[in-house]
Amino acid sequence: MSAPLFSVEGLSVALPDPNRKPLFRPRPMVEILHEIGFEIAEGEVVGVVGESGSGKTTLGRTLVRLIDPTGGAIHFAGTDITHRDDNALRPLRRDLQVIFQDPLSSLNPRLTVGRTIARPLLFHGVAASASEAHDLAAATLEIVGLPPAFSARYPHELSGGQRQRVGIARAIALKPRFVLADEIVSGLDVSSQAQILSLLERLKSELKLTVLFISHDLSVVRRLCDRVIVMRGGRILENRPTGPLFDHPEHPYTAELKAAIPLPEIDPDWLAAT
Amino acid sequence: MSAPFLDIADLSIALKAEPNHRLLRSVSLNVAPGEVHGLVGESGAGKTMIGKTIFDILPHAVTVLAGSVRLGGQDILTMRHRDQRQLIAHTSALIPQDPLTALNPVRRIAGQMTDRLTAILGLSRGAARDRALQLLNEVHIADPERVLASYPHQLSGGMRQRVLIASAFAAEPKLIVADEPTTALDVTVQKQILRLIAEMQERHGTALLFITHDLGVVAKICRKVTVLFGGSVVEDTDAESLFAQPKHPYTAALIAATPRYDRPEDSLLPVPAEVIESTWQEIRRADAAWAEARR
Ligand SMILES: Nc1ncnc2c1ncn2[C@@H]1O[C@H](COP(=O)(O)OP(=O)(O)O)[C@@H](O)[C@H]1O
Ligand SMILES: Nc1ncnc2c1ncn2[C@@H]1O[C@H](COP(=O)(O)OP(=O)(O)O)[C@@H](O)[C@H]1O
Ligand SMILES: [Mg+2]
Ligand SMILES: [Mg+2]
């Protein structure tokens with residue numbers, strides 16, 4: 001067995017309480033994640049599901065060290081990154097890529113799609129020259145299924161699904177070892193969801209991506225994820241391979257989430273059942 | 001069979017600047033009293049435009065080219081403006097897509113609910129407040145007094161949606177149009193809200209036009225379904241036959257795109273490019289025939 005890419009032990013996170021503002025003292029902290037532990041193997045796609053407010057985003061952002069943990073340890077590729085400061089994290093940034101829920105707010109409106117993808121390539125030294133970055137960006141657009149002409153477009157000229165493809169392209173162009181995808185299909189309609197999820201499935205097998213796929217919607221993780229973590233109230237309730245988790249949920253909350261998914265088939269009893 | 005309360009016939013709308021490019025293409029759709037009718041399609045299909053036409057609140061850039069929208073037999077598109085506003089206010093209510101924009105952020109819920117009741121039902125302030133409390137009870141809000149005293153941002157998404165549902169039913173409308181009322185909610189909350197909408201609709205015998213992009217939701221609450229693609233109705237049928245035997249290839253593809261945890265391998269399949277292309281071809285043929293007929 002090779003060592004896991006990510007290993008998380010006893011992870012706790014507390015943030016300043018936004019609801020309390022004492023006049024002369026610093027804000028009191030609220031604990032949001034409580035002693036979380038799990039591992040992610042290289043090449044694995046792990047789903048994180050749970051209702052909104054359960055701590056999924058906080059967990060993801062802490063893993064890629066956009067948030068400082070208050071307790072526990074995070075190891076990435078064998079290195080302890082729990083308390084690395086920004087300077088010490090810089091060489092790892094390329095390997096820790098994030099795709100956000102709302103691509104319109106995470107894409108710079110004044111940059112064309114081509115430059116959006118090319119800029120980080122130059123910044124991280126993946127491309128040595130502007131023209132090399134441009135070529136790599138064009139190749140990546142093709143991988144995510146966008147025509148070359150899209151290079152010249154601006155984010156507002158794209159549909160939600162197309163913007164999400166740009167977000168994916170920007171992340172994978174860097175050939176990162178890890179990708180955090182936070183609610184990236186949540187704002188999309190069913191048919192764009194299906195497109196983005198099959199794109200991710202393809203990238204998973206072609207590029208052997210390691211992904212933490214966060215979604216408040218349990219129904220979309222079934223095909224894509226090897227394993228699913230169910231969270232509630234900043235704790236992990238269940239962490240198991242996807243098939244068994246769906247077939248025989250161990251935690252009643254997982255069963256409740258599953259029962260609330262409306263399958264596309266007529267079932268007059270579904271609505272009344274709790 | 002009772003006559004439909006909502007009867008949309010051959011409705012075509014377009015941007016004023018581009019009258020040859022229709023956003024809705026000869027759409028017909030009707031909803032009978034007591035019926036829950038699903039309107040389903042991808043984003044951009046024109047679902048919200050249909051909802052806006054029913055309330056005559058289309059964006060200024062958009063104009064109606066042809067067709068009729070009847071509420072209880074009266075075509076709102078040809079009525080005098082004042083009569084039209086009266087008719088719409090007294091018979092129909094919209095539960096819009098985004099509860100936060102539907103509510104005024106700087107006013108407490110109490111004022112927003114009672115305004116509507118005094119305006120439409122002519123109730124006194126006190127009577128309107130009693131009616132608001134009664135409505136909040138009906139949508140199973142445990143502490144209606146606190147909710148009335150709250151600002152919208154102090155309520156959870158599910159709670160805001162309950163308030164909007166209560167407001168929609170306030171004047172005993174004949175028709176409610178709900179535009180993606182559960183899209184932004186967690187699944188467990190979505191289920192509670194769907195149950196609530198179905199319960200209220202049944203108790204009040206309202207005609208309900210339920211707009212969604214999710215065929216899973218359609219299957220659970222709608223008896224009739226209209227499938228919209230590119231502003232065009234591709235299928236209009238009862239829910240049973242839609243799921244058992246979709247007639248249009250696009251409908252079949254949309255069903256196959258819907259997630260199913262019980263059959264992962266034949267769910268979440270992207271709509272095939274051929275299906276999209278052939279459906280557009282049908283639409284272009286219909287466009288040509290329509291343009292010809294209008295000359
Ligand atoms: N910057 C922050 N400061 C304080 N509390 C926060 C902050 N961000 C999120 N929270 C709180 O942490 C909890 C978990 O939030 P989040 O991680 O965003 O959950 P999820 O992504 O599952 O919806 C929520 O109760 C939220 O209100
Ligand atoms: N304010 C507007 N002005 C002009 N066109 C619009 C406006 N809003 C939407 N559209 C266009 O009308 C079409 C239908 O939009 P909409 O009814 O909102 O779709 P849906 O609700 O099915 O997602 C889309 O092509 C959209 O681009
Ligand atoms: Mg989140
Ligand atoms: Mg809409």
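Which side chain meets that of R240(A) in a salt bridge, and what is the N to O distance?

A: The model is a predicted one. In it, the side chain of R240(A) meets the side chain of E250(A) in a salt bridge, with an N to O distance of 3.6 Å. This pair links distant parts of chain A, as R240(A) and E250(A) are ten residues apart. R240(A) sits in strand β10, which runs over residues 235-241. E250(A) is in the loop between α9 (242-247) and α10 (252-259). In general, side chains of opposite charge can pair when their charged atoms come close.

R240(A) has a relative accessibility of 14%, so it counts as buried, the cut-off being under 20%. E250(A) has a relative accessible area of 59%, and it counts as exposed because that is over 50%.

Over all chains, a search of the whole structure finds 25 salt bridges.

In one of them, the side chains of D287(B) and R22(B) meet at 2.9 Å, N to O. D287(B) lies in helix α12 (residues 273-294) and R22(B) in strand β2 (residues 22-31), so this bridge ties together parts that are 265 residues apart in sequence. R22(B) has a relative accessibility of 4%, so it too is under the 20% cut-off and counts as buried.

The other example joins R284(B) to E277(B), and the closest N and O atoms are 2.9 Å apart. R284(B) has a relative accessible area of 46% and is partly exposed. E277(B), at 37%, is partly exposed as well. Both values fall between the 20% and 50% cut-offs, which is why neither residue is called buried or exposed.

Five aromatic pairs are counted over all chains. One of them is formed by F6(A) and F76(A), which are 5.0 Å apart centre to centre, with 50° between the planes, and the pair is tilted. F6(A) is in strand β1 and F76(A) in strand β4 (residues 71-76), and the two are 70 residues apart. Both F6(A) and F76(A) are buried. Ring pairs also bring in F178(A), giving a cluster of F6(A), F76(A) and F178(A).

An oxygen atom of ligand 1 is 2.8 Å from an N or O atom in the side chain of K56(A). A polar side-chain atom of T57(A) likewise lies 2.8 Å from an oxygen atom of the ligand. For G55(A), a polar backbone atom is 3.0 Å from a ligand oxygen. Taken on its own, ligand 1 has 560 Å² of accessible area, and the protein covers 60% of that. The elements of chain A that give two or more residues to the shell are β1 (6-16) and α1 (56-63). The largest share, three residues, comes from α1(A). By class, the shell has four nonpolar, six polar and two charged residues.

Note on methods
Residues are numbered from 1 along each chain as its sequence is written. Chains are lettered from A and ligands numbered from 1 in the order in which they are written. This is a predicted model: local features need pLDDT of at least 70, side-chain atom pairs count only at pLDDT 80 or more; totals for chains, interfaces and linings use all residues. Side-chain values use heavy atoms; hydrogens and water are left out. A polar contact is a pair of N or O atoms within 3.5 Å; within protein, one must be able to donate a hydrogen and the other to accept it, and residues adjacent in sequence count only if both atoms are side-chain atoms. Accessible areas come from the Shrake-Rupley method with a 1.4 Å probe; for residues, only the protein chains shown count as cover. Helices (H or I, at least four residues) and strands (E, at least two) are DSSP runs, numbered from the N terminus. Ala, Val, Leu, Ile, Met, Phe, Trp, Tyr, Cys and Pro count as nonpolar, Asp, Glu, Lys and Arg as charged, and the others, Gly among them, as polar. A salt bridge is a side-chain nitrogen of Lys or Arg within 4 Å of a carboxyl oxygen of Asp or Glu. Buried means under 20% relative accessible area, exposed over 50%, partly exposed in between (1.4 Å probe, protein chains only). Rings of Phe, Tyr and Trp (its six-membered ring) pair if their centres lie within 6.5 Å; planes under 30 degrees apart count as stacked, over 60 as edge-to-face and the rest as tilted.
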